Amino acid sequence: MRSFVHTAGPSRVIFGAGTLDRVREEAERLGGSRVMLLSGGSRALRKDTERLRGVLGELVTAEFAGAAMHTPVEVTEQALRLLRDRSVDCLVAIGGGSTTGLAKALAVRTDLPQVIVPTTYAGSEVTPVLGETVDGRKTTRSAPAILPETVVYDVELTLGLPVPATVTSGINALAHAVEALYSPDATPVTDAMAVEAVTAIGRALPALHDDPTDAEARAELLQAAWLAGMCLGAVGMGLHHKLCHTLGGAFGLPHAETHTVVLPHAMAYNAPAAPETMERVARALGVPDAPAGVFDLIHRVGGPTSLRELGLSESDLDRAAELATAQPYPNPRELTRTGVAGLLRNAWQGRRPEGPPDLRPLTEEVVASFAGCENPRLRQLLTDLARTLHGYTIRNDLTPQEWQFAIDFLTEAGHITTDTRQEFILLSDTLGVSSVVDALTNSRTPDTTSSAILGPFYVAGPPSAEHGSDIAGDFTGTPLWADIRVTDREGAPVPGAVVDVWQSNEEGFYDVQLPDLDGPVLRARFTTDEDGRFTFWSILPSEYPIPDDGPVGRMLSAVGRHPYRAPHVHFLIDAPGYQPLITQLFVRGGAYLDGAPGQRDAVFGVKDDLITDFVPRTGPTPDGRPVEGEWRLLEFTFHIARLGD
Ligand code: NAD
């Protein structure tokens, strides 16, 4: 279970095409009557800025078109003087993250409300974070006043964003989503937003590369940018953002382009420590490996792939690694200077991150090889087995040594297995598979006795025994009188049921484990009488270790598990016209019935309704047999189901 705190930013978001027309009413909703219109003065946005001025009409009291990259404080102060001169009461900004940055910088100094009209996919408009540069040094701060009150997304404003800027800005948004997924602050809400953003970006970018005027793809990407921005505003970012911050601040590299180059490499660095995130990203993009898939996406849409092409000098790489690791910050994988230097070198050279090869064609070829199998069940089982084993091997990046270890393990299990020692059943039992098969096969009706696993010590055809006979032979222990009935689901006796009983001795051994023993002991076959009943003498079973001198025992000790089974007696009941029942009765109060996972019964075999009183008694016994001291009484009725029930 994960604990989390989720704070939703109180922004109002207007999304659509032609929504620029609604900016005036949004400014007025915030009480604005003296608006300052902010822009970056770029030629590309001149027409849109003019339109916005028209929409705002006489509300426009001041205009500032000098927003610049990285929000230099001297620019903010210039705008601030104008703002005060004109008694501005509301800020309206149109442009990319740089213009949004200026609006935020003014808002944090004046507490004025903001209406932001974003024209890129940076996502800054929905975060309470402001990055500013003072004397060339970038500083970052966060405050509620920084978060814009209203965001008006107008898809039409993005139609003219050139493809290169679309790509880098879109990948900037992708970076917010990816780092949100492995952030320690992630919540189910940010997870959902991030996965949706990754999916949409993976779809929209290739579509826009092929047709930049595709309005649907523009809308999808802008919506993804909003979701990714929400992630950025809600949770802390890791190595990728830190690196981009460092490269932008210390070496003057362009913001979105740097994000684009670095993202696949930061992901490759973090992949071993964040496999779940990588799997989610890979699934969302429909690729086998997330870092390589992101690199391929950038390559496909013509984005920059090397720091070299962004103008970073090779001699700056070590310094960049030093700056990026100077102060600790949360990141899935531990940050080492040499590790980050290696990452930066790969990014500088533009090397594709090495993901595992795409092995799906191989798996599908193996699956297709079963197509000729005429038994559909066999075909289904083999198909799923191949898929599961291939998936297991790929997901765990199995090394040849590990694979050989598994082969040796199974070989040894085979060698140690004899007629009386079944290592594969032990393996199945200790991995819980036997209990899964049992649960799927049996115990499906509420009014029949629960089943339990067969275990490795059943021997077919045990010797028949008379009612009331003693099956303990020469073994000593606390005498046990068992009085057993077999009925149908309604309680009517089942006569003629053949019941095999077997159990361990007081030391925890079955007869088949004791080579010097003469003949079957503590195992017998009874047939129920007209009342569905039989009785016998035995001894109280004790807890015992499953044989742990083989590979299964080594597996248990490797994971800190004990090999003990809770004390029990086995029953296999077979009556004509009834479903066979294989089960065990556990001694209430016995060892290994309770405890943490791995500390209870070693084969996961205990079911609550099979825990039974083996009642301590002294004095006369039911059949008059003289017993010194304590003996135990087991009275139990098995309810079995008819065939076809
Ligand atoms: P930007 O705002 O600097 O814009 C890049 C260029 O694209 C500019 O010349 C701009 O005029 C032009 N442009 C913008 N929209 C256009 C359009 N629709 N059509 C044609 N041209 C257009 O770049 P950006 O990538 O949007 O933002 C980067 C800045 O935002 C950085 O300073 C970064 O630190 C900041 N940022 C901050 C946050 C935050 O949460 N604080 C988040 C993301 C980015």
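Thr190 has its place in helix α7, which covers residues 188-210; helices (H or I, at least four residues) and strands (E, at least two) are DSSP runs, numbered from the N terminus. This is a predicted model, in which local features need pLDDT of at least 70 and side-chain atom pairs count only at pLDDT 80 or more, while totals for chains, interfaces and linings use all residues. Residues are numbered from 1 along each chain as its sequence is written, and side-chain values use heavy atoms, with hydrogens and water left out.

Thr190 has a relative accessible area of 0% and is therefore buried. Buried means under 20% relative accessible area, exposed means over 50%, and partly exposed is in between, with a 1.4 Å probe and protein chains only. A polar atom in the side chain of Thr190 lies 2.8 Å from the backbone nitrogen of Thr187.

Asn270 is another residue to look at in a helix, here α10, residues 255-270. Its relative accessible area is 0%, so Asn270 is buried. The side chain of Asn270 makes a polar contact of 3.0 Å with the side chain of Tyr182. A polar contact is a pair of N or O atoms within 3.5 Å; within protein, one must be able to donate a hydrogen and the other to accept it, and residues adjacent in sequence count only if both atoms are side-chain atoms. The side chains of Asn270 and Asn331 are also joined by a polar contact, of 2.8 Å.

Next comes the ligand. Which residues come nearest to it? Of the 22 residues around the ligand, these are Gly97, Ser98, Thr119, Thr120 and Thr127; a residue is near a molecule or strand if one of its heavy atoms lies within 4 Å of it. Helix α4, residues 97-110, gives the most to this shell, with three residues. By class, the shell has nine nonpolar, 11 polar and two charged residues. Here Ala, Val, Leu, Ile, Met, Phe, Trp, Tyr, Cys and Pro count as nonpolar, Asp, Glu, Lys and Arg as charged, and the others, Gly among them, as polar.

An N or O atom in the side chain of Thr119 is 2.7 Å from a nitrogen atom of the ligand. For Thr120, an N or O atom of the side chain is 2.6 Å from an oxygen atom of the ligand. In the side chain of Thr127, an N or O atom is 2.6 Å from an oxygen atom of the ligand. On its own the ligand has 860 Å² of accessible area, and the protein covers 80% of it. Accessible areas come from the Shrake-Rupley method with a 1.4 Å probe; for residues, only the protein chains shown count as cover.

Asp111 lies in the loop between α4 and β5 (114-118). Although Asp111 is not a glycine, it has a positive phi of about 65°. Is Asp111 buried or exposed? Asp111 is exposed, because its relative accessible area is 58%. Tyr592, in the loop between β17 (581-587) and β18 (611-612), also has a positive phi, near 65°, in a residue other than glycine. With a relative accessible area of 25%, Tyr592 is partly exposed.

Aromatic rings come next. A pair of aromatic rings is described by the distance of the centres and the angle of the planes. Rings of Phe, Tyr and Trp (its six-membered ring) pair if their centres lie within 6.5 Å; planes under 30 degrees apart count as stacked, over 60 as edge-to-face and the rest as tilted. A search of the whole structure finds 12 aromatic pairs. The rings of Phe526 and Phe536 are stacked, because their centres are 5.1 Å apart and their planes are at 20°. Phe526 lies in strand β12 (residues 523-527) and Phe536 in strand β13 (residues 533-539), so this pair ties together parts 10 residues apart in sequence. Both Phe526 and Phe536 are buried. One aromatic cluster is formed by Phe457, Tyr510 and Tyr544.

The cysteines remain. How many disulfides are there, if a disulfide is a pair of cysteine sulfur atoms within 2.5 Å? The count is zero. Cys231 is in no disulfide, and the nearest cysteine sulfur, that of Cys244, is 17 Å away. That distance is too far for a bond. Cys231 is buried, at 0% relative accessibility, and Cys244 is buried at 8%.

Note on methods. A disulfide is a pair of cysteine sulfur atoms within 2.5 Å.
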